[in-house]
Amino acid sequence: MAAVEVRDLRKRYGSFLALDGVSLTAQTGQLVTLLGPSGCGKSTTLRCLAGFLDPDGGSISIDGSDILGVPANRRGFGVVFQNYALFPHMTVAGNIGYGLKLQKRPKTEMAERIADAMRLVRLQGLEDRYPRQISGGQQQRVALARALVLRPRLLLLDEPLANLDARLRDEVRWLIRDVQQESGITAFYVTHDQSEAMAMSDMVAVMKEGRVAQFATPREIYQKPVERYVADFTGEANFLSCTRVAPVAGGYDIEVAGAHLRVAGVPGIRDRAELLLRPEALSIAPDTGQALFQGRVEKLAFLGASQHCEVRLPDGGALKLAVQANRPVGVGDQAGIRIDSEHAWLMPEVRQ
Amino acid sequence: MTRGARLRLLLALPAVALIFVFMVLPITNMVEMSFRTLGTTAPFGDSYTTGHYSRILSDGYYWQVLLRSLVTALLVTLLCLLVSYPIAWHMSKAHGFKAVMLYALIASPLMTGVLVRNFGWMIVTALNGPLNETLLGLGIIERPLRLLFTQGLVVLALVHVFVPFMVLPINNALRNIPPALVEASSSMGANRWQAFRDVILPLSFPGIYPGVILVFVLSIAAYVTPALLGGQMVSYMPTLIVAELNGTFRWPLGSALAIVLAVVTLICVAAFTLLTAKLMEKSRA
């Protein structure tokens, strides 16, 4: 059981600022995802948490006590590595039991706990195999069992699914989430895959150039991003420049493409703003009178539950929208598009 | 036979011919020679005998020389391993210019000829050589140290020249160990010593094994260093063999000694391989 507070973490490699004041918290039992492209500092943050790296500044505390002075081998955290990092010269049981062996646990307790851990990740029967004799998905389960068998205060996962194929990724993803929730363990999860982050996390920290751009629930990150970078990184998005922005109670009155809308948005926007429209905030209008935009359907992809549609506007811009699967649309059709202003979100425009 | 198979055979031919002419033929000749009788007017006689082998096996002197050669080779191998491991460790962590410099330094003992190197040792360690002069001058010793023509100096000189053969394969093996393995072990509670003992050492065995074999085989067969630095008082198998072949001209006895040395060496290598087979199998992943 552990609540974690990371405050103002800084790390510099030569002229490269890897961490530029990272602050995060995790409540007991939460899974917090660090999401971002490579080089954003997510792995560096995790390595500081694990104790593999000393930050230049800032603090990390667990249940109120500072752990930065504690070496990695005394922190008692479980770590799952991207390439599994299994010991190739030890069997599956040997890998899982290594930490227990270091603690000099009695033989019977060791055997019991190894068996428990293997049952937890559904690996029974593979005790005596070596890592090279089992599949990638099984290796990842061994890595997970190995991290959990010591009943760590904190579980740290560094892109644990990156090397698995799509089907296995889904399976192991749910396994990780189940096990984490079942054992009520606090976890930090590093990934660059937004769908992974959305599906698994209690909280998501979207990272950008060594900083946390936004730290919120997956829903909030997706629906109410604080800036374009976050919106872009967390799913498909359309951005429209707004003219005339006026704050009103609970939102803003804006003018976009000649139409007046009332939308919610990031508090404190003064002048320049852009409107975020997720594909599901747009729809094809049944008659052109309700349409805000007119355009030509340029691309169409049938996805089963819906259709992904790209419409080219006369001014050259394009809009991506999700269309119901049973609605007849064809490439080349003229389509009127309307905005569902309930699902629109106003953000400050970033000056390039 | 397909064209591909014929081509492969053709390509293998030079290597096979080389091994046949420079290994199979001489060894066959040597074995044959070791069973010949001694001659009075020639280095060997006309008839055959197993007498040289029974003489070697029953004479304590030969056992003593063989034992000295074995102990020396083992000692050299062990010291090489102890000296080389930390060097290999540093090398495996080095990149760019530092790595190039380290490689050059490591290979430096091999860049001087065997005679020059050993005469160098003779000059440095002589009674009135620079080492003794310096120590005397500094007042550290009162009388010059007798270093030259001792077994200790032979071991030291062999360690010096064979260190590269140990460092390079171990360095390779260490480079192949992912750093995440050490981090993984430390996240499971291992301190630095435990991580070394349980992860790094076993996984570097694929480098230790060839290093040990190379250094052992090279040092048990070393001739020039024991001959020049070991002095006249003690014999090693190679110096004894050369003395029989070139000094007393008893070629059959010299050949028999050479065969004995080769067989003993082979047994040692085979025993080491068998004893470590399981570790090797596990650590090679």
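Predicted model: local features only at pLDDT ≥ 70, side-chain atom pairs only at ≥ 80, totals over all residues.

Trainee: Chain A to begin with. How many helices and strands does chain A have?

Mentor: Nine helices and 21 strands. The C-alpha atoms of chain A fill a box of roughly 80 × 45 × 35 Å along the principal axes. Of its 352 residues, 52% count as buried.

Trainee: What share of the contacts in chain A joins residues at least 24 apart in sequence?

Mentor: Taking contacts between residues at least 6 apart, 65% join residues at least 24 apart.

Trainee: Now a charged side chain. Why is A:Arg141 called buried?

Mentor: Buried means under 20% relative accessible area. A:Arg141 comes out at 9%, so A:Arg141 counts as buried. You'll find A:Arg141 in helix H5 of chain A. Leaving out residues up to four places away in sequence, A:Arg141 touches A:Val121, A:Arg122, A:Leu123, A:Glu171 and A:Leu175.

Trainee: And what makes A:Lys104 exposed?

Mentor: Exposed takes over 50%. A:Lys104 has 70% relative accessibility, so A:Lys104 counts as exposed. A:Lys104 sits in the loop between H3 and helix H4 (107–120) of chain A. Its phi is near 55°, which is positive in a residue other than glycine.

Trainee: B:Phe149 has a positive phi as well, near 60°. Why is B:Phe149 called partly exposed?

Mentor: The label covers what falls between the buried cut-off of 20% and the exposed cut-off of 50%. B:Phe149 has a relative accessible area of 39%, so partly exposed is the label. Look for B:Phe149 in the loop between H6 and H7 of chain B.

Trainee: What about B:Asn132, why does that one count as buried?

Mentor: Its relative accessible area is 0%, so B:Asn132 is buried by the rule of under 20%. B:Asn132 belongs to helix H6 (residues 130–137) of chain B. Beyond residues up to four places away in sequence, B:Asn132 touches B:Thr125, B:Ala126, B:Leu127, B:Ile141, B:Pro144 and B:Leu145.

Trainee: How do you know that the side chain of B:Asn132 makes a polar contact with the backbone oxygen of B:Ala126?

Mentor: The cut-off for a pair of N or O atoms is 3.5 Å. The backbone oxygen of B:Ala126 lies 3.1 Å from a polar atom of the B:Asn132 side chain. That is within the cut-off, so the pair passes on distance.

Trainee: On to the cores. Which residues have the most contacts inside the largest nonpolar core?

Mentor: A:Ile96, A:Leu144, A:Leu155, A:Leu156 and A:Phe188, in a core of 120 residues. Helix H7 (residues 151–175) of chain B gives the largest share of this core, 13 residues. A second, separate core has 36 residues, among them A:Val245, A:Leu261, A:Leu275 and A:Ala335.

Trainee: What does A:Ile96 touch, apart from residues up to four places away in sequence?

Mentor: A:Ile114, A:Ala117, A:Met118, A:Val142, A:Ala145, A:Arg146 and A:Val149.

Trainee: Next, the interface. How much area is buried between chain B and chain A?

Mentor: About 1,800 Å², with carbon and sulfur atoms giving 64%. The contact takes 21 residues from chain B and 21 residues from chain A.

Trainee: What makes A:Arg47 and B:Glu183 a salt bridge?

Mentor: The nitrogen of Lys or Arg must be within 4 Å of a carboxyl oxygen of Asp or Glu. Here the N to O distance is 2.6 Å, so the pair of an Arg and a Glu qualifies. The rule finds two salt bridges across the interface, and six residue pairs are in polar contact.

Trainee: Which element supplies the largest share of the side of chain B that touches chain A?

Mentor: H8(B), with seven residues. That side divides into nine nonpolar, seven polar and five charged residues.

Trainee: Which residues of helix H8 of chain B are buried, and what covers them?

Mentor: The buried ones are B:Leu181, B:Glu183, B:Ala184, B:Ser185, B:Ser186 and B:Ser187. Their cover includes helix H1 (42–50), helix H3 (92–102) and helix H5 (136–148) of chain A, together with helix H9 (192–203) of chain B. Just after H8(B), B:Gly189 takes a positive phi of about 105°.

Terms used: Residues numbered from 1 in each chain as written. Chains lettered and ligands numbered in written order. Heavy atoms only, no water. Buried < 20%, exposed > 50% of the residue type's maximum accessible area, 1.4 Å probe, protein only. Helix = DSSP H or I, 4+ residues; strand = E, 2+ residues; numbered from the N terminus. Contact = heavy atoms within 4.5 Å. Core = buried A, V, L, I, M, F, W, Y, C linked by side-chain atoms within 4.5 Å. Buried area = accessible area lost by both parts, 1.4 Å probe. Salt bridge = Lys/Arg side-chain N within 4 Å of Asp/Glu carboxyl O. Polar contact = N/O pair within 3.5 Å; in protein donor to acceptor, adjacent residues only side chain to side chain. Nonpolar A, V, L, I, M, F, W, Y, C, P; charged D, E, K, R; others polar.
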